[in-house]
Amino acid sequence: MTGGLSTSTLYSLLSHQDAYMKQIMTVEAQRLTDLENVTQNICAQESQRSGLLSAGLRRDPAVVMVDQCTDAETARLIL
């Protein structure tokens, strides 16, 4: 839900991860906070989200954050 503090919660959870010991990546509509040593991928168009997520998963990150799951392909990649 928009305005439901989900992004703040996700950023809080990421800040508790050791970004120097784990490879962390995000796929976001817009960057709200700059996270140190975290690969933050900005995807302005929802239609490109699954492609960006797929490319990022090939790098085998330990932690992935996706701010919005808007289509079936993105949901399949998350699973």
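Predicted model: local features only at pLDDT ≥ 70, side-chain atom pairs only at ≥ 80, totals over all residues.
Residues are numbered from 1 along each chain as its sequence is written, and side-chain values use heavy atoms, with hydrogens and water left out.

Next, switch to a cartoon. You will find three helices and three strands, running α-β-β-α-β-α from the N terminus. Both kinds of element are DSSP runs, numbered from the N terminus (helices: H or I, at least four residues; strands: E, at least two). Along the principal axes, the C-alpha atoms fill a box of roughly 30 × 30 × 20 Å.

Now colour by accessibility. Buried residues make up 30% of the 79; buried means under 20% relative accessible area, exposed over 50%, and partly exposed in between (1.4 Å probe, protein chains only).

Time to pick side chains. Side chains of opposite charge can pair when their charged atoms come close. A search of the whole structure finds three salt bridges, each a side-chain nitrogen of Lys or Arg within 4 Å of a carboxyl oxygen of Asp or Glu.

**Stop one: arginine 31 and aspartate 34.** Select both side chains to see a salt bridge at 3.9 Å, N to O. Arginine 31 is partly exposed at 42% relative accessible area, while aspartate 34 is exposed at 60%.

**Stop two: arginine 49 and aspartate 67.** Here the N to O distance is 2.9 Å. Arginine 49 sits in helix 2 (residues 49-57) and aspartate 67 in the loop between strand 3 (63-66) and helix 3 (72-78), so this pair ties together parts 18 residues apart in sequence. Are these two buried or exposed? Arginine 49 is buried, with 1% relative accessibility, and aspartate 67 is buried too, at 19%.

**Stop three: glutamate 73 and arginine 76.** Move to helix 3, where these residues are three positions apart, about one helical turn. Glutamate 73 is partly exposed at 34% relative accessibility, whereas arginine 76 is exposed at 52%.
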